[in-house]
Amino acid sequence: MASHSDTLVVFFGATAGANGGKLGSDERELILLVWQIVDLHENKVGKLQRTLVQPDSVDLSEQCKEETGLTAEELCKAEPLESVLQQFHQSVSAELKSLGRSSYTLCVDGPLLIRQVLHPEASKKNLVLPECFYTFVDLKKEFHKCCPNAGPIKDLTMSSMLDYVCIPAVVEQEAGLREVENMVLVMLHLLAEPYNHTFSTLETVNYKFESGACKTEAVDSETVIRARGLPWQSSDQDIARFFKGLNIAKGGVALCLNAQGRRNGEALVRFINSEHRDMALDRHKHHMGNRYIEVYKATGEEFLKIAGGTSNEVAQFLSKENQVIIRMRGLPFTATPQDVLGFLGPESPVTDGMEGLLFVKYPDGRPTGDAFVLFACEEYAQNSLKKHKQILGKRYIELFRSTAAEVQQVLNRYMSTPLISTLPPPPPMVSMPMLATPPFITTGNTRDCIRLRGLPYTAAIEDILEFMGEHTIDIKPHGVHMVLNQQGRPSGDAFIQMKSSDRAFMVSQKCHKKMMKDRYVEVFQCSTEEMSFVLMGGTLNRSGLSPPPCKLPCLSPPTYTAFHATPTMIPTEAALYQSPLLATPRTPQAPTHSPAHALAYYSPQLYMNMNMSYTTYYPSPPVSPSTMSYFAAPPGSVAAAVAAQSAPALLPPQPGALVRMQGLPYNAGVKDILSFFQGYQYAPEDYSSLVGVSEQGRSLIQPKEWLCL
């Protein structure tokens with residue numbers, strides 16, 4: 001039996017759109033195939049064959065009409081691609097049998113016809129290509145081996161190769177026949193003296209994409225692309241099918257996730273070399289179903305950030321190769337491996353039983369409701385997907401195809417940081433220019449918020465995000481506020497800040513009375529001002545707004561907190577948890593004297609370790625930065641003047657700062673207050689004179705200097 005290199009079939013094709021160096025870049029169909037057999041042992045050539053292919057759309061480009069001379073009428077009479085490929089295989093097999101050969105290898109002028117046209121089109125039409133189309137010889141690369149001085153491979157054309165070896169080109173034949181005859185001339189010249197070349201290097205097309213764990217070795221940035229606009233339910237196999245004809249590295253598809261752990265329609269794909277990456281870039285805006293996919297360059301660092309994993313648990317889970325991975329989402333937090341195996345049933349046996357399950361957990365060991373499952377074959381995976389949205393316990397479970405890269409990405413995301421950070425990064429401890437109004441929450445009538453009412457008391461931030469579903473992406477950063485009652489327990493209400501009023505209206509329409517656990521939740525559109533009123537202790541009902549206690553005349557909050565003008569370091573963590581009572585402070589009066597430059601600081605909120613009775617609602621972490629406020633800190637003389645106006649008979653004006661303590665227990669004494677301020681210095685020697693009572697029963701204390709923790 002002759003080897004593949006004994007017989008070559010010179011193969012040429014043209015599409016209804018761009019040809020030549022842009023072949024396949026416009027996603028147009030094949031309309032012409034031409035081939036001819038070459039016996040390498042005897043240097044003989046067979047019969048030249050030419051056949052037309054009927055495309056689904058006979059709309060020919062002007063370039064195609066000019067180069068091929070074909071018309072739509074001729075193509076309408078042709079056979080479809082599937083029939084033409086069968087004719088090709090039967091014709092070549094019969095001719096090989098007459099020559100005493102049994103196998104052959106295709107020879108093409110560059111890889112575009114096989115990789116960019118034939119395989120993608122066959123994949124879209126669900127055609128199974130014969131085995132001969134998975135190996136081929138690239139005539140340009142073979143010519144470059146013999147004539148390295150002819151120029152780079154990517155710049156070689158049939159005309160330039162013929163000119164380099166001084167062979168006149170065939171110009172009188174029809175389109176397609178002309179190109180094949182010129183390719184045969186070049187091939188026969190390479191077989192003869194002085195080259196005596198052997199066509200032994202075969203290009204291959206992968207039969208299927210190999211999934212697996214990505215090694216943490218360095219990744220060449222010239223091999224990575226970013227695909228954008230993917231359907232959210234697409235798997236790594238769907239992406240590999242989109243790039244059919246190009247060889248993707250093992251485990252080279254990494255689906256990107258958003259901040260909520262859901263797919264965001266992007267993926268990073270790693271190819272075996274830069275040549276395949278460049279051909280992938282030519283598929284920019286090609287279609288996957290009805291969606292066009294954008295393809296851009298990416299870096300190896302980006303790929304490793306998404307696909308790289310360092311967890312031993314993940315490495316052990318993914319050590320079993322050739323497994324189908326399914327992701328389960330929405331599992332009850334109390335679900336056990338036995339529960340999951342029972343849910344999947346005997347028709348979907350999990351690989352190695354409980355060892356084929358991987359539960360995703362937070363760093364503190366709490367379950368997230370996600371799990372990954374391994375199946376030995378596609379049939380078992382398909383059976384498991386039939387259970388999509390079936391009930392386990394009291395919750396419906398979502399099942400999706402997944403990838404090894406997604407497993408690593410999800411585990412890395414949950415194990416490194418919480419799903420939503422409970423504390424934003426602390427700002428630098430420097431003084432800042434005075435702001436006239438709080439910079440984050442701005443009271444107004446713009447209805448860009450929503451109110452959730454009737455939440456289960458066990459509902460957490462994660463439950464609200466799951467309840468919001470696809471609308472989660474429209475939530476402002478750190479814009480979820482849980483409302484607690486006077487005892488610090490969930491009140492069943494929550495406020496969410498959306499990116500726009502239109503988004504808030506859409507959510508209120510789609511999510512109103514949607515079920516969360518065993519309860520339906522009411523969703524109303526509201527304004528930032530209404531949200532702020534409720535967070536500060538007011539009520540919002542059908543009767544309208546009832547002001548919070550701090551808005552009542554007898555419970556007016558302090559105008560501002562004054563500090564010494566000397567820039568000091570203000571504790572940032574305390575500022576992050578200050579009371580919502582100060583969410584919308586009154587604007588301080590401008591000083592009447594020739595002022596030094598006014599400074600603004602984060603206002604610290606101090607808490608006493610006593611049994612205080614809070615009368616306002618507090619947003620629970622994770623909170624929005626909008627709960628931070630800025631207060632102007634006037635110079636020491638202004639602070640002293642304020643102190644003199646507040647309690648002229650009690651405290652003489654002097655440089656320093658005045659702190660008003662509100663909400664003290666009725667049985668709190670001087671010793672309790674001094675213990676609370678332990679570590680600070682006070683101006684008077686007689687500590688009993690530090691504390692006074694204002695008209696409303698509030699205590700006043702004057703420290704000599706404010707020292708920050």
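The model is a predicted one.

Helix α4 covers residues 112-124. Its 13 residues should span 18 Å at 1.5 Å a residue, and the end C-alpha atoms lie 17 Å apart, which agrees. The bend is about 25° and sits at Leu118, shortly before the proline Pro120. Both residues are buried. Most of α4 is likewise covered, with eleven of its 13 residues buried. After the helix comes Asn126, which has a positive phi, near 55°.

By residue class, the lining of the second largest pocket holds 18 nonpolar, eleven polar and 13 charged residues.

The search finds ten cavities of 30 Å³ or more. The largest cavity holds about 260 Å³ of space. It is lined by 20 residues, with Arg262, Thr368, Tyr414, Glu462 and Glu466 nearest its centre. Two or more lining residues come from each of β13 (324-329), β15 (367-375), β17 (395-401) and α15 (461-468). Helix α15 gives the largest share, four residues. The lining of the largest cavity divides into nine charged, six nonpolar and five polar residues.

Aromatic contacts form a further group. A pair of aromatic rings is described by the distance of the centres and the angle of the planes. The count comes to nine aromatic pairs. In one of them, Tyr134 and Tyr207 are stacked, at 4.2 Å centre to centre and with 15° between the planes. Tyr134 lies in the loop between α4 and β6 (135-138), and Tyr207 lies in the loop between β7 (203-204) and β8 (224-228). The pair therefore ties together parts that are 73 residues apart in sequence. Tyr134 has a relative accessible area of 10% and is buried. Tyr207, at 51%, is exposed, because the cut-off for that class is over 50%.

Phe143 and Tyr164 make an edge-to-face pair, because their ring centres are 6.2 Å apart and their planes stand at 80°. Phe143 belongs to helix α5 and Tyr164 to helix α6, so this contact ties together parts that are 21 residues apart in sequence. Phe143 is buried, at 0% relative accessibility. Tyr164 is partly exposed, with a relative accessible area of 38%. Finally, ring pairs join Phe11, Trp35, Phe88 and Phe133 into a cluster.

Note on methods:
Residues are numbered from 1 along each chain as its sequence is written. This is a predicted model: local features need pLDDT of at least 70, side-chain atom pairs count only at pLDDT 80 or more; totals for chains, interfaces and linings use all residues. Side-chain values use heavy atoms; hydrogens and water are left out. The expected span of a helix is 1.5 Å times one less than its number of residues. The bend at a residue is the angle between axes fitted to the seven residues ending there and the seven starting there. Buried means under 20% relative accessible area, exposed over 50%, partly exposed in between (1.4 Å probe, protein chains only). Ala, Val, Leu, Ile, Met, Phe, Trp, Tyr, Cys and Pro count as nonpolar, Asp, Glu, Lys and Arg as charged, and the others, Gly among them, as polar. Rings of Phe, Tyr and Trp (its six-membered ring) pair if their centres lie within 6.5 Å; planes under 30 degrees apart count as stacked, over 60 as edge-to-face and the rest as tilted. On a 1 Å grid over the protein atoms alone, a cavity is a set of points where a 1.4 Å probe fits but cannot get out, and a pocket is an open set with protein on both sides within 12 Å along at least five of seven lines; lining residues have an atom within 4 Å of a point. Grid points are joined across faces, edges and corners, and a volume is the space filled by probe spheres set on the points.
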